[in-house]
Amino acid sequence: MAKETKDFSKYFQPPSLTDAKKRGKEEISVHYDFTIPEDMLVFGANKFYMIRTYGCQMNEHDTEVMKGLLETMGYSSTEDKLQADVILLNTCAIRENAEDKVFGELGHLKALKAEKPGLVLGVCGCMSQEEAVVNRIMQKHGFVDLIFGTHNIHRLPSLLKEAYFSKEMVIEVWSKEGDIIENLPKKREGIRAWVNIMYGCDKFCTYCIVPFTRGKERSRRPQDVLAEVRDLARQGFKEITLLGQNVNAYGKDFEDLIYSFADLMEDISKIDVPRIRFTTSHPRDFDDRLIEVLGKRGNLVEHIHLPVQSGSTEVLKIMNRKYTREHYLTLAAKIRQTIPDVVLTTDIIVGFPGETDEQFEETISLVKEVGFDFAFSFIYSPREGTPAAAMEDNVPMELKKQRLYRLNEAINEFSKMSNEKLRGEIVEVLVEGESKNNPEVLSGRTRTNKMIHFVGSMEIVGKLVHVKITEPQTWVLKGEIVPEPIALA
Ligand code: 5AD
Ligand code: SF4
């Protein structure tokens, strides 16, 4: 039987474009007093959890926080649905197909929940921040026990307890956006770690749901970020990726401090971690000082992910990207001038409402002019509540697919050519583990984030080694390990 549902208007304030755009001056408060209620510290003893994560690195990292919380409560992780006492779906709302996958999974879990009524089934992440999704779950998936939003992750222990004992679906989705919660436990694995430097986004690109699902832009205090990075360095992590929806806006919300993303990178470059990456950049806020700091290299790697979205100034304007084609090209050229061997990657949307053939051709010509080694390319997907969803989408799907195909061809062509130039070069590789398809072969990444395969022993996993590139391909480089440490140019 479906659970009863509460009057959820008390728990859920749907994102409103008008209200969201007024944001800015409300106070940001950082909370350092996070604790898990004492009675919850043993709540998960002899119980198992499973979290399925969809979407971006921000979500992956939120999952690490939820794992940290659950394991502090005594839960153990499992990959077996049948063994799990708690299953959480950490969802993504960026495009329709991401949402479809989650609803498909909920369909499968319905049967499991019928067999195992004690199972607590929760939906969290970006989809929970959308009113239409919460309504749909309440109406059609009444077997879900718990829905919580991206601002409520720290409340997981109390929400879980409520879900265990409540007959009603527990829903807690706040649009209160000004808070930063420090000192949350995180379960990290492997040799690479993510660190949030900021949350939310105030850019309001007209196609994008993120400013609604992730809330107001707010930066963590520099001392908190630096302390976390130092701690990870001490623990032996080899690579740290700094996360934010628009890392170049870091620090703009500080009222008492002038401290930018370039300052943060400069301070982090002094910490003893071999590699520092960051994602995602916004071309409008990417300033010269940052280029200068990145130009000093050291642990700041030669890879910049710089979403362009479109090569047409007119389309960029309707997307509210706040820069022109020329601005992007000049920025890319400046970066290349300071860091000649930089690898640039990007995100591109095709088939935005009203995109003409000529405008699409401008995207192709920009791609060729900049030379991206990799790009995430997407067909535009309307998101309810965003301004673009109200625009007339007059590009037929068949044409959008053709454009995507042509775009991918252009990107692959450059990627192949760029990799070919690396033939015979010796590069520094961070060894990650066995390659997916062949346990005899190890897989690792270059500083520029290119995947490389080579034969080697498992003992070097987690280490930095030198590899000679013998067989460059479009998607992966193949190489041979160079036995003696050598000085790289
Ligand atoms: N449709 C298609 N792609 C989108 N992105 C964001 N919103 C949409 C949308 N509505 C893409 C952008 C962004 C990346 C994370 O996802 O390219 O940079
Ligand atoms: Fe979305 Fe990125 Fe634009 Fe922010 S900057 S609205 S996250 S596409």
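**Burial, charge pairs and a helix**

Colleague: Where does Glu361 fall, buried or partly exposed?
Modeller: Glu361 counts as partly exposed, at 36% relative accessibility. Buried means under 20% relative accessible area and exposed over 50%, with partly exposed in between (1.4 Å probe, protein chains only).

Colleague: What kind of model is this?
Modeller: This is a predicted model, in which local features need pLDDT of at least 70, side-chain atom pairs count only at pLDDT 80 or more, and totals for chains, interfaces and linings use all residues. Residues are numbered from 1 along each chain as its sequence is written, chains are lettered from A and ligands numbered from 1 in the order in which they are written, and side-chain values use heavy atoms, with hydrogens and water left out.

Colleague: Which side chain meets Glu361 in a salt bridge?
Modeller: The partner of Glu361 is Arg406, at 2.7 Å from N to O. A salt bridge is a side-chain nitrogen of Lys or Arg within 4 Å of a carboxyl oxygen of Asp or Glu. This pair links distant parts of the chain, with Arg406 in helix 13 (residues 397-420) and Glu361 in helix 12, 45 residues apart. Helices (H or I, at least four residues) and strands (E, at least two) are DSSP runs, numbered from the N terminus.

Colleague: How many salt bridges does the structure hold?
Modeller: The structure holds 37 salt bridges. One of them joins Asp145 and Lys113, whose closest N and O atoms are 2.9 Å apart. Asp145 lies in the loop between helix 4 (131-140) and strand 7 (146-148), and Lys113 in helix 3 (residues 96-115).

Colleague: Are Asp145 and Lys113 buried or exposed?
Modeller: Asp145 is buried, with a relative accessible area of 2%. Lys113 is also buried, with a value of 10%.

Colleague: Turning to helix 11, which of its residues are buried?
Modeller: Arg325, Tyr328, Leu329, Leu331, Ala332 and Ile335 are buried in helix 11. Seen down the helix axis, the buried residues fall within an arc of 160°, so they line one face. The arc is that of the directions from the axis to the C-beta atoms. An α-helix has 3.6 residues a turn, so residues three or four places apart point the same way.

Colleague: What covers those buried residues of helix 11?
Modeller: The cover includes helix 9 (288-295), strand 15 (303-305), helix 10 (313-318), strand 16 (343-350) and helix 12 (357-370).

Colleague: Which residues touch the most other members of the largest nonpolar core?
Modeller: Of its 59 residues, these are Leu242, Phe261, Met265, Phe286 and Ile335. A nonpolar core is a set of buried Ala, Val, Leu, Ile, Met, Phe, Trp, Tyr and Cys residues joined through side-chain atoms within 4.5 Å. Leaving aside neighbours within four places in sequence, Phe286 is in contact with residues including Leu331 and Ile335. A second, separate core of 31 residues includes Tyr54, Ala93, Met169 and Ile171.

Notes
Contact means heavy atoms within 4.5 Å.
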